Amino acid sequence: MIYKRSSALFAEAEKVIPGGVNSPVRAFKGVGGTPIFVKEAKGAYLYDEDGNRLIDYINSWGPMILGHAYEPVVNAVIEKAKKGTSFGMPTEIETQIAELAVSMVPNIDKIRFVNSGTEACMSAIRLARGFTGKDKIIKFAGCYHGHSDSFLIQAGSGASTFGTPNSPGVTQGTAKDTLLARYNDIENVKQLIKANKNDIACIIIEPVAGNMGCIPPKKGFLKSLRALCDAHEILLVFDEVMTGFRLAKGGCQELYNIDADIVCFGKVIGGGLPVGAFAARHEVMNHLAPLGPVYQAGTLSGNPLAMAAGLAMLTELNNDKDIFKRLAEKTEYLHKGIAKVLIENKIIHTINRVGSMISVHFDEAEVVDFDTAAKGNNETFKKFFHGLLNEGVYIAPSAFETWFITDALTYEDLDFTINAVNKVAKTL
Ligand code: PLP
């Protein structure tokens with residue numbers, strides 16, 4: 001593969017954009033080399049500026065669940081754009097997508113649209129704090145909820161009580177209100193609650209973690225969190241930015257039969273346009289301005305193009321009775337195929353999978369939390385990444401990311417990918 005034009009474009013970009021990218025993980029820092037500049041995409045394939053075709057397993061980090069340039073979504077955006085691109089006034093389509101989302105997801109009555117997953121999570125914890133009158137939140141190490149200050153906190157040593165910021169610019173004042181727990185470790189959560197009695201507004205969690213690879217919740221973990229929240233008047237916030245409208249029509253609440261108090265959305269709900277949303281029962285959502293005292297706003301929130309893309313996407317998913325089953329079957333096929341060739345080539349690995357999310361870790365041990373995810377062999381991952389890229393298969397340029405399976409992938413694409421993994425495995 002030749003990446004001459006991509007490299008030249010990256011050099012140009014670096015002169016005027018910090019690091020040449022508008023979101024850090026795109027810069028290939030985790031794997032080395034220079035990023036691929038994409039020219040266009042259709043279905044399961046990306047076409048880069050050098051004319052290479054790549055099978056895409058990132059899919060814009062999740063949104064393109066039906067493949068790139070999916071016609072009903074594209075057409076909805078084009079038709080809407082002809083009638084004006086932003087008004088800052090209410091439009092009927094906002095109610096239409098809200099009604100559809102509320103009908104698809106269990107346990108929510110109202111939904112507020114924002115412009116990104118970060119905004120959704122940031123607003124959700126403000127709402128939780130406003131609703132409960134408490135300040136602290138519990139988050140799990142390795143879970144990503146966007147780049148808002150409260151979430152950029154890493155664990156101190158062991159089961160520390162107070163986090164420290166992991167980005168300059170996040171104040172100690174903010175950091176002290178974010179408590180860190182280990183994913184899948186209910187005893188750790190209990191300790192934090194005990195040590196901070198009556199101070200915790202919410203527990204925010206990716207109900208299936210997707211930002212340290214794909215990590216499923218252990219059996220009973222989410223249920224125990226729900227019980228702890230009930231016992232201590234803490235709101236349970238499901239960050240379903242990744243999992244919402246991907247793992248099931250009703251997301252993880254449906255999949256695991258657990259009610260969250262606030263649910264955050266992003267990615268799929270916007271059909272590839274900048275959309276996030278958060279939703280809850282009436283009593284919680286009515287605390288939001290203009291009904292209630294918790295302020296939250298946005299010039300472009302509910303933007304007509306974004307709503308048109310989201311509505312078209314959700315309509316497709318709602319009407320296709322088999323979509324989530326089909327996606328899970330494709331992912332299982334890929335899982336089995338990759339596992340087979342890695343075993344044949346004696347490559348130590350663990351594969352995690354839930355629905356259409358899957359990750360390959362180069363470690364033998366079970367990957368259940370951030371610490372076990374971090375033990376994976378990063379040098380092997382780097383070779384694996386570049387090897388696959390060379391074969392025309394594009395996975396995320398970081399060992400801590402999930403692969404997103406799209407319905408546009410055919411079984412031939414999956415076989416092509418398994419074959420590519422087999423070739424690359426021989427070089428690891
Ligand atoms: N929450 C989760 C679970 C995510 O995976 C992400 C982004 O990857 C976010 C929140 C932040 O969303 P955005 O990048 O749209 O701000």
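Which residue of S12 does Lys-110 stand opposite? Lys-110 stands opposite Ala-280 in S12. The structure is a predicted model, in which local features need pLDDT of at least 70, side-chain atom pairs count only at pLDDT 80 or more, and totals for chains, interfaces and linings use all residues. Residues are numbered from 1 along each chain as its sequence is written. Helices (H or I, at least four residues) and strands (E, at least two) are DSSP runs, numbered from the N terminus.

**Domains**

- The protein chain is divided into domain 1 (4-69 + 322-425) and domain 2 (71-319); the bounds come from an automatic or database domain assignment.
- The centres of domain 1 and domain 2, taken over C-alpha atoms, are separated by 25 Å.
- In the contact between the domains, 26 residues of domain 1 meet 28 residues of domain 2. Two residues are in contact if their C-beta atoms, placed from the backbone, lie within 7 Å.
- On the side of domain 1 that touches domain 2, at least two residues each come from H11, S13, strand S14 (357-361) and helix H12 (370-374). S14 gives the most to this side, with four residues.
- By class, this side of domain 1 has 16 nonpolar, eight polar and two charged residues. Ala, Val, Leu, Ile, Met, Phe, Trp, Tyr, Cys and Pro count as nonpolar, Asp, Glu, Lys and Arg as charged, and the others, Gly among them, as polar.

**Strands and sheets**

- Strands of a sheet pair through backbone hydrogen bonds, either parallel or antiparallel. Two strands are taken to pair if DSSP finds at least two bridges between them.
- S4 and S12 run antiparallel and are joined by five bridges.
- Strand S4 (residues 110-114) is largely enclosed by the rest of the structure, because four of its five residues are buried. A residue is buried if 20 or more other C-beta atoms lie within 10 Å of its own, exposed if 12 or fewer, and partly exposed in between, with C-beta atoms placed from the backbone.
- An open sheet of four strands has the order S1-S2-S3-S15, with mixed pairing. Its edge strands are S1 and strand S15 (393-394), each of which pairs on one side only.
- Within this sheet, S1 and strand S2 (residues 45-48) run antiparallel and are joined by four bridges. Lys-42 stands opposite Tyr-45 in S2.

- The ligand is surrounded by 16 residues, and the closest are Ser-116, Gly-117, Thr-118, Gly-146 and Val-241. A residue is near a molecule or strand if its C-beta atom, placed from the backbone, lies within 6 Å of it.
- Helix H4 (residues 117-132) gives the most to the shell around the ligand, with three residues. By class, the shell has five nonpolar, nine polar and two charged residues.
- An unreviewed UniProt entry lists Lys-267 for "modified residue: N6-(pyridoxal phosphate)lysine". UniProt positions are given in the numbering used here, feature names are shortened, and annotations may be inferred rather than shown by experiment.
- Lys-267 is found in the loop between strand S11 (262-265) and strand S12 (276-280). Lys-267 counts as buried because 27 other C-beta atoms lie within 10 Å.
- Not counting residues up to four places away in sequence, Lys-267 touches Trp-61, Gly-62, Pro-63, Gly-117, Val-241 and Met-242.

**Backbone exceptions**

- Most residues other than glycine have a negative phi, and most peptide bonds are trans.
- The peptide bond from Ala-289 to Pro-290 is cis, with omega near 10°. Pro-290 has its place in the loop between helix H9 (282-285) and helix H10 (304-319).
- Phe-28 is not a glycine, yet its phi is positive, near 70°. Phe-28 lies in the loop between helix H1 (4-16) and strand S1 (38-42), and this residue counts as buried because it has 20 C-beta neighbours inside 10 Å.
- Lys-346, also not a glycine, has a positive phi of about 55°. Lys-346 is found in the loop between helix H11 (323-344) and strand S13 (350-354), and it counts as exposed because it has 8 C-beta neighbours inside 10 Å.

**Ile-234**

- Ile-234 is found in the loop between helix H7 (221-231) and strand S10 (235-239). With 25 C-beta neighbours inside 10 Å, Ile-234 counts as buried.
- Apart from its neighbours within four places in sequence, Ile-234 is in contact with Ile-200, Ala-201, Cys-202, Ile-203 and Cys-229.
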